[in-house]
Amino acid sequence: MEPPAGDAALPPPPPSSVIFLGTGCSGALPDTRCLLRPSAPPCAVCSLGVSLPPEQNPNYRCNTSLLIDYCQDDGTHEYIIIDVGKTFREQVLRWFVHHKIPWVNSIILTHEHADAVLGLDDVWMVQPKGCSNDFRRVPIFLTQFTMDSVVARFPYLLKNKLEEGDEVSQVAQLDWRIIEGDIDKPFVSSGLEFVPLPVMHGEGNICLGFLFGRKAKIAYLSDVSRFLPETEYAISKSGAGQLDLLILETNTLHGKTLDAVKRISPKRALLIGMRHEFEHYRENQKLAEWSSREGIPVQLAHDGLRVFIDL
């Protein structure tokens, strides 16, 4: 006898996924200023930061960072991380452990700001075993502009070869690879192709997002003040085709962010980079109403969220 339809086994999730290691702004949340010098009434979002443990509080947000768990055709998993900011160590302890991520195979940097690069000093924690030699250095992809900034901050990470005693030291072993912020010049990181997506991050400062996925297509844009026309065209439904998932920074939720989502028209959008004006449950209720009206599912992401998707 066949089991009732309601008891039928659900299909297994796709083997690949993306994990949101952080979804907050540069200062992360809670904002310490709200706790040290509380307003009247106190900031509701930041107050939760000390009243609930982070794993139960989607308003607790580390620096924006994404981990891609890419399952290759032979079943091998490659772990790619985009940005390693000031809260990287906390993200490793919390979400690598929770999701059983053993190491990082490669790193991609979007730009040179502190919330994207200051965690480089802690990358040694997530190097694959055996990375203390030149053959197993972790590839790190970044523009020359970002490289120049990193050199000034971390000169000891730029050594070309190990010195005596370094084999047991806690210094990341990195293979620096320069990329160009050009849509027409993709690169391959851990077997997955990435297309650079230049956007404005404040006037006069270009930051990179990335388009990736052989099957499902994901666009990741963590720091956006203004879209360049060629970038928007490359990821829009009217341009290169419909995205399966748009991951987009939000500063003004009911202004330019949702206008951009509507223009790009992805199958689904998740928002990141939230400040303390964004209370998770309240904003997601508003977004659910917008989604129903516009036909594009949009929600705020949260730290630790894992989305299974066929890359």
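**A loop residue and its surroundings**

Analyst: Let's start with Thr 143, which sits in the loop between strand S5 (138–142) and helix H5 (144–153). Keep in mind that this is a predicted model.

Is Thr 143 buried or exposed? Its relative accessible area is 16%, and the cut-off for buried is under 20%, so Thr 143 counts as buried. As for what surrounds it, leaving aside residues up to four places away in sequence, Thr 143 touches Ile 178, Ile 179, Gly 181 and Leu 208.

Now move on into H5. Its buried residues are Thr 146, Met 147, Ser 149 and Val 150. Looking down the axis of H5, you'd find them within an arc of 165 degrees, so they line one face of the helix. The background here is simple: an α-helix has 3.6 residues a turn, so residues three or four places apart point the same way. What do the buried residues of H5 pack against? That would be helix H4 (114–117), S5 and strand S6 (174–178).

H3 has 12 residues and spans 15 Å from first C-alpha to last, close to the 16 Å expected at 1.5 Å a residue. In H3 the buried set is Phe 88, Gln 91, Val 92, Trp 95, Phe 96 and His 99. Seen down the axis of H3, these fall within an arc of 120 degrees, so they too line one face of their helix. The cover over the buried residues of H3 includes strands S1 (17–22), S2 (65–71), S3 (77–82) and S15 (306–308). On the other side of H3, Val 97 and His 98 are exposed.

The largest pocket has a volume of about 170 Å³. Its lining is made up of 14 residues, and those nearest its centre are Ser 26, His 201, Asp 223, Glu 249 and Arg 275. By type, the lining of the largest pocket splits into 2 nonpolar, 8 polar and 4 charged residues.

Methods
Residues numbered from 1 in each chain as written. Predicted model: local features only at pLDDT ≥ 70, side-chain atom pairs only at ≥ 80, totals over all residues. Heavy atoms only, no water. Helix = DSSP H or I, 4+ residues; strand = E, 2+ residues; numbered from the N terminus. Expected span 1.5 Å × (residues − 1). Buried < 20%, exposed > 50% of the residue type's maximum accessible area, 1.4 Å probe, protein only. Arc of directions from axis to C-beta. Contact = heavy atoms within 4.5 Å. 1 Å grid on protein atoms, 1.4 Å probe; cavity = no way out; pocket = protein on both sides within 12 Å on 5 of 7 lines; lining within 4 Å. Points joined across faces, edges and corners; volume = space filled by probe spheres on them. Nonpolar A, V, L, I, M, F, W, Y, C, P; charged D, E, K, R; others polar.
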